[in-house]
Amino acid sequence: MNDFPVPTSTAIAEGAVLTPEDWSRSHDRMRVLQARQTSQRPKLLWLLTGPGILVMLGENDGPSMLSYAASGATYGIGFFLPFIVVTFLAAFVVQEMSMRIGAVTHRGYGELIFQRFGPFWGWMSATDLVLTNLITLITEVIAVRVGMAFFGVPPLLAVGCAVALVAVTSSGARYWRWERMAMALALFNLLFVAVAVLSRPSPGQLVNALVTWTPLPTGSFQGFLLILASNIGATVTPWMLFFQQSASVDKGLTPKDIPQGRLDTAIGTALAALAGCAALVAASTLFVHHVDSGSLLGGTGYAEALQPLIGTFGSGLFALGLIEAGAVAMLTISASTAYAVGEVLGGSAHSFNRTIRQAPLFYAANIGMAVFAGIIVLIPGMPLLAITLNANLLATILMPAALVFLLILANDREIMGARVNSRLTNTFGALIALLVTLAGSSYAIVAFINSLSNKAS
Amino acid sequence: MQPIDRLSHGHPDEELIQALEPDQLVSETSKPLPRYQLNQIANAALWLLRIFVLLMTALVVYAFVKALP
């Protein structure tokens with residue numbers, strides 16, 4: 001018998017205080033209850049999917065897709081193809097915990113750290129998040145700008161469109177509407193699959209790489225560590241924890257919805273892994289044709305470099321995919337910042353089920369971050385390439401701290417009851433934390449030593 | 001928080017609001033949870049991890065700045 005049973009659902013008592021957020025959420029929950037009562041499984045899944053697909057496809061963002069492309073262009077489809085699949089499996093383990101904690105506690109990640117571990121750790125986590133989100137958001141605007149430059153769109157218009165997208169999608173005062181708009185846009189992440197098909201990879205080589213992890217990478221050790229840490233940062237990052245947990249709460253997931261939440265996360269994982277591997281496979285054409293990939297991250301690099309190899313249509317799709325990757329990530333990363341800001345500033349409304357007037361701070365953080373990132377990108381002389389290269393690394397380095405808190409929360413019987421982590425989940429969680437820590441710190445130390453030796457020479 | 005309503009028996013939307021679980025209401029989730037009792041070893045481990053993360057961040061920022069043209 002469990003010492004900490006999860007409370008069973010009871011009716012809402014007469015006299016209960018109701019807010020506009022409750023009313024909005026109750027409409028969504030009513031549809032879920034009706035689908036469950038009438039055993040309409042496909043409809044139930046449709047109603048409960050969202051946070052998992054969004055978080056995974058949102059993480060296939062500008063720097064992530066460039067990171068996968070850089071892996072393929074530098075090392076071909078050897079070691080990194082199965083490695084990307086493994087990092088997505090790790091992302092599934094971590095994100096399933098986030099979803100479960102949100103569904104059981106009805107509180108966001110930032111909120112729980114603040115309340116359970118006190119303001120110091122709460123503020124630390126929120127500061128880490130805001131810092132990495134700001135840098136990542138800059139790279140998302142860069143991705144949109146670079147993608148649109150391929151089609152001749154001027155930078156100011158491209159950045160304006162990216163920021164306007166965040167503002168427009170946030171204006172409905174309904175979580176459901178925001179989520180469906182973001183999901184519709186996120187599906188265009190699969191454009192990278194079309195690009196990969198156009199690059200005509202050898203099925204035999206793909207299977208061989210997935211099974212044998214060969215050929216192994218050769219060349220500079222620092223270069224290998226950079227790509228390795230970037231790929232980890234491309235799939236497991238702090239904003240994902242904040243986002244999925246808070247979005248699950250905003251959507252109104254309950255413990256009964258955990259199986260569907262798990263399936264939502266699994267579908268998102270599969271789609272994102274497919275698109276990520278596709279970006280690697282598409283860019284591996286450059287490796288096969290011995291194209292120097294060192295200078296391709298800047299400007300419209302990859303799309304233009306692929307043009308003579310896969311045609312104008314294929315390279316155009318790559319550029320479109322990059323625009324989509326940046327745009328969707330702008331929505332999800334801005335949202336994760338807004339949730340975190342609202343959660344750590346206790347009492348402040350933080351939900352897409354509120355109007356701008358009801359939750360001014362939430363919307364100010366959501367749209368303000370996007371505007372700020374847009375302004376930075378338009379400043380002449382900003383080291384945009386260097387920022388893009390280092391965004392994922394920063395996420396990898398800050399991730400261990402976030403993971404440790406997630407593991408503590410997922411094992412906290414006082415709030416999770418019987419839905420704490422299994423021993424197997426804890427083992428995988430600890431392994432993931434160790435892998436992320438080793439990858440991030442190895443790169444940091446090697447890069448630091450190399451920068452010292454460059455200085456000395 | 002901006003309460004606009006209190007649930008009363010016979011409220012026209014009583015069935016709708018009952019679609020939520022009681023602990024899902026904003027009025028309930030706004031109540032803070034009790035603090036987690038971290039023992040000294042766990043607290044020290046969290047501090048060590050924080051210092052480690054800051055140190056690694058400093059190394060990456062240094063390498064980033066040095067690599068700028």
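**Chain contacts, helix packing and nonpolar cores**

In the predicted model, 53 residues of chain A are in contact with 40 residues of chain B. On the side of chain A that touches chain B, at least two residues each are supplied by β1 (17-18), α1 (20-37), α6, α17 (384-410) and α19 (423-456). Sorted by class, this side of chain A consists of 26 nonpolar, 18 polar and nine charged residues.

Two of these elements, α6 and α17 of chain A, also take part in helix packing within the chain. Helix α6 (residues 109-117) of chain A packs against helix α7 (residues 119-150) of chain A at an angle of about 155°, and their axes are 6 Å apart. Because angles over 145 degrees count as roughly antiparallel, α6(A) and α7(A) are assigned to that class. From α6(A), the contact is made by A:Gly110, A:Ile113, A:Phe114 and A:Phe117, and from α7(A) by A:Pro119, A:Trp121, A:Gly122, A:Ser125 and A:Ala126. Six residues of this contact are nonpolar and three are polar, with no charged residue.

Helix α17(A) packs with helix α12 (residues 221-233) of chain A at an angle of about 70°, the axes lying 7 Å apart. The two helices, α12(A) and α17(A), are therefore roughly perpendicular to each other. In this pair, A:Ala229, A:Ser230, A:Ile232 and A:Gly233 of α12(A) meet A:Asn392, A:Leu393, A:Ala395 and A:Thr396 of α17(A). The contact of α12(A) with α17(A) comprises four nonpolar and four polar residues, and no charged residues.

The largest nonpolar core contains 155 residues, of which A:Ala69, A:Ala279, A:Leu280, A:Ala282 and A:Met330 touch the most other members. Helix α15 (residues 301-344) of chain A contributes the largest share of this core, 23 residues. Apart from neighbours within four places in sequence, A:Leu280 is in contact with A:Tyr68, A:Ala69, A:Ser71, A:Gly72, A:Ile77, A:Phe80, A:Leu81 and A:Ile84. A second, separate core has seven residues, among them A:Ile12 of chain A and B:Ala19, B:Leu20 and B:Val26 of chain B.

In chain B, helix α3 (residues 40-67) has 28 residues. From its first C-alpha to its last, α3 of chain B reaches 41 Å, close to the 40 Å expected at 1.5 Å a residue. The buried residues of α3(B) are B:Val53, B:Met56, B:Leu59, B:Val60 and B:Ala63. An α-helix has 3.6 residues a turn, so residues three or four places apart point the same way.

Notes. Residues are numbered from 1 along each chain as its sequence is written. Chains are lettered from A and ligands numbered from 1 in the order in which they are written. This is a predicted model: local features need pLDDT of at least 70, side-chain atom pairs count only at pLDDT 80 or more; totals for chains, interfaces and linings use all residues. Axes are lines fitted to C-alpha atoms, for helices over the stretch in contact, and angles run from 0 to 180 degrees between N-to-C directions. Helices (H or I, at least four residues) and strands (E, at least two) are DSSP runs, numbered from the N terminus. Angles under 35 degrees count as roughly parallel, over 145 as roughly antiparallel, 65 to 115 as roughly perpendicular and the rest as oblique. Two residues are in contact if their C-beta atoms, placed from the backbone, lie within 7 Å. Ala, Val, Leu, Ile, Met, Phe, Trp, Tyr, Cys and Pro count as nonpolar, Asp, Glu, Lys and Arg as charged, and the others, Gly among them, as polar. The expected span of a helix is 1.5 Å times one less than its number of residues. A residue is buried if 20 or more other C-beta atoms lie within 10 Å of its own, exposed if 12 or fewer, and partly exposed in between; C-beta atoms are placed from the backbone. A nonpolar core is a set of buried Ala, Val, Leu, Ile, Met, Phe, Trp, Tyr and Cys residues joined through C-beta atoms within 7 Å.
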